[in-house]
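This report describes selected local features of one protein model. Please consult the sequence and the coordinates alongside the text.

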Amino acid sequence: MHYFTPKRCATTNKIMYHDKVKALQAAEDSRIERGTELWVYRCDFCGMWHLTHRNPQLNVVRISQKGSRKPYSRKKGYKPRYR
Ligand SMILES: [Zn+2]
C-alpha cells in the first residue's frame, strides 16, 4: 500500500509532491476548502513539486537559470566539430 506522506523540502520548507498531478490536486483542494489560490511549481533544489501563494511565473526564470538538472544552453547552435 503506497500512502502519500508529506515530506518537507529542506531548502524551502514546503511540502513536497512527487508529481505535478498530486500538487495540482492539493492546490485544487485548497481553493475549494479555503478559497486560497495556489500555484504549482517545480523546485530546483529537491526536484519535487511545491505549492506557492505567488504566481511562479516571475520566479521560474530565476530558478531555472540556477538549476543544474536542466542545462541552460546559451550557446545555441554551437557544435564543436572535430574530424
Ligand atoms: Zn524543494
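Strand β3 (residues 39-42) and strand β4 (residues 49-52) run antiparallel and are joined by four bridges. The model is predicted, and the descriptions that follow should be read accordingly. Within this pairing, R42 stands opposite W49 of β4.

Six residues lie between the strands of the β3 and β4 hairpin, where G47 adopts a positive phi near 80 degrees.

## The zinc site

Four side-chain atoms coordinate the zinc ion: SG of C9, SG of C43, SG of C46 and NE2 of H50, at 2.2 to 2.4 Å. The arrangement is tetrahedral because the angles subtended by the four donor atoms run from 102 to 125 degrees, and four donors count as tetrahedral if all angles lie between 85 and 135 degrees. Along the sequence, the spacing of the donor residues is C-x33-C-x2-C-x3-H.

Although cysteines contribute to the zinc site, a search of the whole structure finds zero disulfides.

## T52 in strand β4

T52 belongs to strand β4 and is buried, with a relative accessible area of 10%. Leaving aside residues up to four places away in sequence, T52 touches K14, E37, L38, W39 and Y41.

## S30 in helix α1

Helix α1 (residues 20-33) contains S30. Is this residue buried or exposed? S30 is buried, and its relative accessible area is 5%.

When residues up to four places away in sequence are not counted, S30 touches G35, T36 and L38. With T36 there is a polar approach as well: a polar atom of the S30 side chain lies 3.3 Å from the backbone oxygen of T36.

## The loop between β1 and β2

N13 is placed in the loop that lies between β1 (7-8) and β2 (15-16). The phi of N13 is near 60 degrees, a positive value in a residue other than glycine. A positive phi is also found at G47, in the hairpin of β3 and β4.

Key:
Residues numbered from 1 in each chain as written. Predicted model: local features only at pLDDT ≥ 70, side-chain atom pairs only at ≥ 80, totals over all residues. Heavy atoms only, no water. Disulfide = S-S within 2.5 Å. Donors = N, O, S within 2.8 Å, 3.2 Å for Na, K, Ca; no water. Tetrahedral: all angles 85-135°; square planar, octahedral: opposite > 155°, others 65-115°. Pairing = 2+ DSSP bridges. Helix = DSSP H or I, 4+ residues; strand = E, 2+ residues; numbered from the N terminus. Buried < 20%, exposed > 50% of the residue type's maximum accessible area, 1.4 Å probe, protein only. Contact = heavy atoms within 4.5 Å. Polar contact = N/O pair within 3.5 Å; in protein donor to acceptor, adjacent residues only side chain to side chain.
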